[in-house]
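Hi everyone, thanks for coming along. Please have a look at the model on the screen, and I'll talk you through it.

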Amino acid sequence: MALNDTLLKALSDQITLELESSIVYLQPGIALEDHDLPGLATWMRLQSDEERAHAAKFIAHVTDRGGRPQIGAIAAPSVGEVSVLEAFEASLAHEQKVSESIRDLYRLSQSEGDIDAIPLLHWFIEEQIEEEATVSEIVGRLRLIGDDGAGLLRLDAELGARTTAQ
């Protein structure tokens, strides 16, 4: 089934948001390098890669259905000197924004009678539950760690053990 213009626009907007998400993770990853936390920086970079893979998944869906997605403008994030906790809190807030956008896409697909998008959106709904839970857990652990340098270094080592985008 071909995409109608309304859904094509919404999916293009989602592709743009996924690419923005990639930058939302990449920029704090750079800042975490400045904090001498290579494990946390690596985790952020891998998460950035995963977000680009999400964009590619939406792009494939649109092009497979004969559409031509248009990537919109992506503003550079304004990340000054931030704490590790602030970097992850910003990531969590962005994941929540993405989750709501995907739910909106699901509702739009239903209202437009586009059942072909539903399997893709189900996958993303599940993925977003996992994404929010993961980042929320990290935020919770960072709050527990507080100013404990040893705790932060343990978390840095643990998250640095991640080797691929999930």
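A word on the ground rules. This is a predicted model, where local features need pLDDT of at least 70, side-chain atom pairs count only at pLDDT 80 or more, and totals for chains, interfaces and linings use all residues. Residues are numbered from 1 along each chain as its sequence is written, and side-chain values use heavy atoms, with hydrogens and water left out.

So, what are we looking at? The chain has five helices and zero strands, and from the N terminus the order reads α-α-α-α-α. Helices here are DSSP runs of H or I with at least four residues, strands would be runs of E with at least two, and numbering goes from the N terminus. Along the principal axes, the C-alpha atoms fill a box of roughly 55 × 25 × 25 Å. Of the 166 residues, 43% count as buried; buried means under 20% relative accessible area, exposed over 50%, and partly exposed in between, with a 1.4 Å probe and protein chains only. Take contacts, meaning heavy atoms within 4.5 Å: among those between residues at least 6 apart in sequence, 80% join residues at least 24 apart.

Let's check two of the helices. The expected span is 1.5 Å times one less than the number of residues. For α2, with 27 residues, the first and last C-alpha atoms are 39 Å apart, close to the 39 Å expected. α3 has 28 residues that should span 40 Å, and its end C-alpha atoms sit 41 Å apart, which agrees. Glycine 66 follows α2 with a positive phi, near 85 degrees, and glycine 113 follows α3, again with a positive phi, near 70 degrees.

Now the inside. A nonpolar core is a set of buried Ala, Val, Leu, Ile, Met, Phe, Trp, Tyr and Cys residues joined through side-chain atoms within 4.5 Å. Which residues have the most contacts inside the largest one? They are Leu11, Phe58, Leu105 and Leu121, in a core of 20 residues. α1 (5-34), α2 (38-64), α3 (84-111) and α4 (118-145) each supply at least two residues, and α1 gives the most, with seven. Apart from it lies another core of 18 residues, including Ala41, Val84, Leu92 and Ile138.

Leaving out residues up to four places away in sequence, Leu11 touches Leu3, Phe58, His61, Val62 and Leu105. That brings us to His61, which is in α2. Is His61 buried or exposed? His61 is buried, with a relative accessible area of 12%.

Beyond its neighbours within four places in sequence, Glu89 is in contact with Val139 and Arg143.

Last stop, the largest pocket. A pocket is an open set of points on a 1 Å grid over the protein atoms alone, where a 1.4 Å probe fits, with protein on both sides within 12 Å along at least five of seven lines; lining residues have an atom within 4 Å of a point. Its lining includes Ser83, Leu142, Asp147 and Leu152. The elements giving two or more residues to that lining are α3, α4 and α5 (149-160).

That's my tour, so over to you.
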